[in-house]
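Open the model in your viewer and keep the sequence panel beside it. This tour goes from one selection to the next and says what is there.

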Amino acid sequence: MILDTIVVITIVIYSISLLLIFMYALAQLNLLFNYLKAQKKTDTSKKFDFTNPDKIPFVTIQLPVYNELYVMKRLLKNIAKLQYPLDKLEIQVLDDSTDESIETTAKHIKKIQEKGIDIKHIRRSNRQGFKAGALKEGLKIAKGEFIAIFDADFLPQKTWLHQTVPYFKDDKVGVVQTRWGHINRNYSTLTKIQAFALDAHFTLEQVGRNSKGHFINFNGTAGVWRKECIYDAGNWEGDTLTEDLDLSYRAQLKKWEFKYLENVETPAELPIVISAARSQQFRWNKGGAENFQKMMRRVIRSKNISFKTKIHSILHLLNSSMFTCIFLVAVLSIPMLYIKNEFEHLKIYFYVMSFFVISSLIFFICYWHMYKNIYGGGFLNFIKYIGAFFTFFSIAMGFSLHNTIAVLEGHFGKKSEFIRTPKFNIKNIKDAWKTNKYIKQKPSGHVIIEGVLAIYFAYGMYSAFIVGNEDGDFGLFPFHLMLFIGFSYVFFKSIFSKA
């Protein structure tokens, strides 16, 4: 009786998780269709005429930084090169640092000021509200009608402001967001899979939603806000770990429009050590769950948006929660293998469940279009893509425990500090990255569980040979192999902390 109850519970949880993943896959497929249609359209947006000096609006650039010793010189040097009339531009360095970078940053700022550039070093006595608090504090004295924001690892092109600000000619536009590039995409397997995931977001998802008027998000950096929009939406709030997603939704619920520019790339540095990638993933995934709890009811009750936009918005806010479904499917797949071969009367159920392998096929198709846009089509690139896709999927699943914990903390309201992602300045990385003072030296306690899970999925592969009849059951073997690779990779990288 107890065994039957456990079997039923396992099947129900497994089935619901597969169904939710399938629904998410269908949403991604819909975004792919939107994306392909958008590629055929010509942009007819209104734009400011920058040939007339009187038409050029005042812009404030905000640089929220915290203990960025290794990249501040590079950041400030790059920002100072942005082409824009000096009488229409100010730069705010919102520096919450607590280390020696304060002094070196001040020296760099002084040199830039000597060139006639209006740049201010703004310090706070505390980190209340973290990044959101710093942005809010700077906004109080910002002279610009428009606010451009860059994190410390971003390197916009000289013409970046001329490519983005003109779109605010349309009074309805509250935000212009650009696509992230990756200056160290090919540095390691870790940077490649991060780039793979971000490229999917910045092509299929952002274009797919924006082209149909669905909600998108300002990505925390490499974008411009209309100051009026920030205030109208309720200003920056620091009660979630993704303040950018929070303000984005509040602004769009107020009927502000977002303009996403896929053709404007803003290069940035990807985390090159797994501890940095883990902290970034934790913050993003927990923040997503926190924003689901904060914004879900407002989205559902809103009378300003269509039913389809509400569906996409809910799935968008639940993006990070998909890791929970992936983790549950992974862990339960081994018990399900034994259930399949012990309970003959459930064979029809397993035939039906095999249909959900189509979810993986949908993701494969969607990401191929993203990959093709960046690397080009052709047979050889398709072969490379197959390897990149399975590497990405394996390691993404290896992060599923870590990200599930983040998601659960977000949904259940457990508060945590905003932990910045360490930056390295990759030009010097081969010699100096190991001495980076911001690297987290001690691995998380979750790492031990990830090691155990690697062994668990090795057992899943072994089980394929011993269950059922004498021929075994290898239906889930590829899945368990990918899980074994993913969790092994995350475990060993976390233990040895190598890039």
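Predicted model: local features only at pLDDT ≥ 70, side-chain atom pairs only at ≥ 80, totals over all residues.

**Stop 1: the positive patch**

Now colour helices α2 (72-79) and α3 (101-113). Each of these helices supplies at least two residues of the patch.

Move on to Lys115. Where does Lys115 sit? Its place is the loop between α3 and β3 (119-123). Lys115 counts as exposed because its relative accessibility is 63%, and exposed means over 50%.

**Stop 2: the negative patch**

Select Glu145, Asp171, Glu228 and Asp232. These four gather on the surface as a patch of negative charge. Centre on Asp171. It lies in the loop between α5 (160-164) and β5 (173-182). Is Asp171 buried or exposed? It is exposed, with a relative accessible area of 60%.

**Stop 3**

Next come the salt bridges. Side chains of opposite charge can pair when their charged atoms come close. How many salt bridges does the structure hold? The count is 23.

Start with Glu90 and Lys120. Their side chains meet in a salt bridge, at 3.1 Å from N to O. The pair links distant parts of the chain: Glu90 belongs to strand β2 (residues 89-95) and Lys120 to strand β3, 30 residues apart. Show the surface and check each partner. Glu90 is buried, at 1% relative accessibility. Lys120 is partly exposed, with a relative accessible area of 28%.

**Stop 3: a salt bridge from loop to helix**

Select Asp151 and Lys131. A salt bridge joins their side chains, with N to O at 2.9 Å. Asp151 lies in the loop between β4 (146-149) and α5, and Lys131 lies in helix α4, so the pair ties together parts that are 20 residues apart in sequence. Asp151 has 19% relative accessibility; the cut-off for buried is under 20%, so Asp151 counts as buried. Lys131 is buried too, with a relative accessible area of 12%.

**Stop 4: a salt bridge across 133 residues**

Go to Lys340 and Asp473. Their side chains meet in a salt bridge, at 3.2 Å from N to O. Which parts of the chain does this pair link? Lys340 is in helix α11 (residues 322-342), while Asp473 is in the loop between α17 (446-466) and α18 (477-496), 133 residues apart. Lys340 is partly exposed, at 32% relative accessibility. Asp473 is buried, at 10%.

**Stop 5: a salt-bridge network**

**Stop 6: Gly138**

Return to helix α4 (residues 130-139) and pick Gly138, which is found there. Gly138 counts as buried because its relative accessibility is 0%. Which residues does Gly138 touch, leaving out those up to four places away in sequence? They are Gln62, Gln92 and Leu94.

Now draw a distance from Gly138 to Met336. The two are 198 residues apart in sequence, and their C-alpha atoms are 55 Å apart in space.

**Stop 7: Thr404**

Jump to helix α15 (residues 400-411), where Thr404 lies. Thr404 counts as buried, with 5% relative accessibility. Show what surrounds this residue. Setting aside residues up to four places away in sequence, Thr404 touches Phe323, Thr324 and Phe327.

**Stop 8: Pro422**

Finish at Pro422, in the loop between α15 and α16 (429-432). Is Pro422 buried or exposed? It is buried, at 9% relative accessibility. Its contacts, not counting residues up to four places away in sequence, are Ala276, Ser279 and Tyr438.

Pro422 and Glu68 are 354 residues apart in sequence, yet 7.7 Å apart in space, C-alpha to C-alpha.

Technical notes:
Residues numbered from 1 in each chain as written. Heavy atoms only, no water. Helix = DSSP H or I, 4+ residues; strand = E, 2+ residues; numbered from the N terminus. Buried < 20%, exposed > 50% of the residue type's maximum accessible area, 1.4 Å probe, protein only. Contact = heavy atoms within 4.5 Å. Patch = residues over 30% accessible without salt bridge, like charges linked within 9 Å, V, L, I, M, F, W, Y side chains within 5 Å. Areas by Shrake-Rupley, 256 points an atom, 1.4 Å probe, with all protein chains shown as cover. Lys, Arg positive; Asp, Glu negative; His and termini not counted. Charge placed at Lys NZ, Arg CZ, Asp CG, Glu CD.
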